[in-house]
Each structure stands twice: as structure tokens, then as C-alpha cells.
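Let's take a walk through a protein model together. Have a look at it first, and then we'll pick out some helices and cores.

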Amino acid sequence: MLRSWRLGSLFGIGIYIHSTFLLLPLLLVVPNFEAMGVGTVLFLLAFLAAVFGCVVLHELGHALMARRFGIRTRDITLYPIGGVARLERMTERPSEELWIALAGPAVNVAIAALLTPLILAGVLFTPLVQGAASPLGREVWMLGVDFLRHLLLANVVLVLFNLLPAFPMDGGRVLRALLAMRMGIVRATTIAVGVGRGLILAALILLWVWDRSDLLSYPMLVLLAVFVLLVGQHELFAIRQREAARKAEATAPVVSLLPISALGTSVAPDFSGVTRDERHGVGIQWHNGRPIGVFLLPSE
């Protein structure tokens, strides 16, 4: 069974690293270890740690913005393809979803803005260091400037990547929020999920045409495609169920003469939604595995 390890907490939110995360340094380092050398490997691992530190800050941006709207965050977990902040619930207001989705990339923009003057200062002072420092000191200085420059570029890539309109990524949630301001949440989510599928499939096709190699040679891209396709479809299904339950609850009369215990229907402990009891001709409304109402099914 795959598990996660707790790294600590920030702002009262637990930070975890999933066991599959270990695949990332292995895939980056092991195939080219002899060619890179120890120094390059250490630089790469330190850079990977710094990038995922920025990913944690990105997810904290989502979490703290959600907290402003009264939504708590259960935890933040790091995976090979990025981080995931698990909110206790999703907001039903498009404007709030828009701000929550944009908060993460905004953190990366802020990090890039903070790194820019440091890099400029490093470049400006490089001639002085080269003239006064020892060979080792000059090498360490240039390595530090190079490290910050790559970290700046990584944050720019994180912003552009996360704002791709591929639901459930940040850009896809921004798209869904903007659409939901003009249409229903179900239709907005359906469109956003469709756009995400189209982008992923187009990326896979373009990669295959360009490289003509096995797509499994790009495991991170395959994992991302699976994440977008499965999670997007799962959320669309959940929203359709939620809206159907609300519509049924609003339009169907509640049956008060038939106790829920007499129906003999059971569901999973965390199920929320509606089930049908054809024998009695009723629908049952559930919340977290607990029946909360019974209503007549519409006649055919």
C-alpha cells in the first residue's frame, strides 16, 4: 500500500510527501549518473528540492486564499507531477474559485519577482568577485547565480504550465469559474473538462509526431495525462450527482409515511448523493453515508 510521509506543517496545514515522489529523483539521476558526476548530481538534487519548495508555497497560496473564504485545507501532498492541496470542500461561488485558482500561480510570480533583483545583483558583482575571490570562491559564486537563474526560470514555467486551461489544473479551474459566471456549473465543468481532454490528447499526438518514440519514454507526461483525464472526469461526475440531488430535493415531495430504515438500502460510508429504490418507487438522499431524506420518484 502506497503511503505518504509527513514533512511538517505550515500555517497549521500538514505537508506530506507521497512515496511515489521518490521516482522523480531516480528517473532524473540514475540513468545519467556516470555522465553527470557527483557535483552535477548534488546540484540537480538541490535544485529539485528548491523547485518543490516553490510548489509547496504555490499550494499554500491556494490554501490560504481558500481559508479567506472559510474553506479549510486538510493537507498538502507532493507527488512526482506536482503538489495537491486537499480542500475540505469546493466553493460553489465562481468568483471564489477564480481567486483560489489564481492564488497559486500568483505565488510563483511573486517568487520570480523576488529572485530577479538577486540575480541582477549577482551578475553585476560577478566581475568584482572574479577579481578578488579565490578560484573556489569564484566557482561557488557562479554556481549560486546559475542556481538562482534556473530557479527563476522554473517558477516562470510553473506559472505558464499551471495556467494551461486543462481542468482540473489551475488554468482549467479559472476557465470553469469564468464559464460558470454565465452558465450553470454542470455545463461549465463539462466544457472545462472537454477542453482539458482536448489539450492533453493534442499534446500526446504532437509529441508522438515530433519524436516518433514510445510515449512511455515520457513518464511524467503520461502521469499528467492520466491525472487530468481521471480527476477531471471524477469531479464532473460528482458535480452532476450533486446538482441532480438538489434538483430532486427541490422538486420531489418528501415521503413522511415510509421510514428510511424500512428501505433496506446501504451505501459506502462516505457517499453523498441520491439512490433509487425501485421497489418502493422512491429516491433516497444521502450525505456522508447517512440517509437524510426520502422523496417520490417522478412517474415515467
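At what angle do helix α3 and helix α5 pack? The angle between α3 (residues 94-132) and α5 (residues 170-180) is about 160°, and their axes lie 8 Å apart. Angles over 145 degrees count as roughly antiparallel, so that's what this pair is. (Axes are lines fitted to C-alpha atoms over the stretch in contact, with angles from 0 to 180 degrees between N-to-C directions; helices are DSSP runs of H or I with at least four residues, and strands are E runs of at least two, numbered from the N terminus.)

Who does the touching? On the α3 side, the contact (heavy atoms within 4.5 Å) includes Pro 94, Leu 98 and Pro 105, while α5 brings in Arg 173 and Val 174, among others.

A quick note on the model: it is predicted, so local features need pLDDT of at least 70 and side-chain atom pairs count only at 80 or more, while totals for chains, interfaces and linings use all residues. Residues are numbered from 1 along each chain as its sequence is written, and side-chain values use heavy atoms, leaving out hydrogens and water.

Now for the cores. A nonpolar core is a set of buried (under 20% relative accessible area, 1.4 Å probe, protein chains only) Ala, Val, Leu, Ile, Met, Phe, Trp, Tyr and Cys residues joined through side-chain atoms within 4.5 Å. The largest has 15 residues, with Phe 21, Phe 52, Ile 76 and Leu 78 making the most contacts inside it. Helix α2 gives the most to this core, six residues. Leu 78 touches Phe 21 and Phe 52, among others. A second, separate core of 11 residues includes Val 51 and Phe 147.

How values were computed: Angles under 35 degrees count as roughly parallel, over 145 as roughly antiparallel, 65 to 115 as roughly perpendicular and the rest as oblique. Buried means under 20% relative accessible area, exposed over 50%, partly exposed in between (1.4 Å probe, protein chains only). Lists of a residue's contacts leave out its neighbours within four places in sequence.
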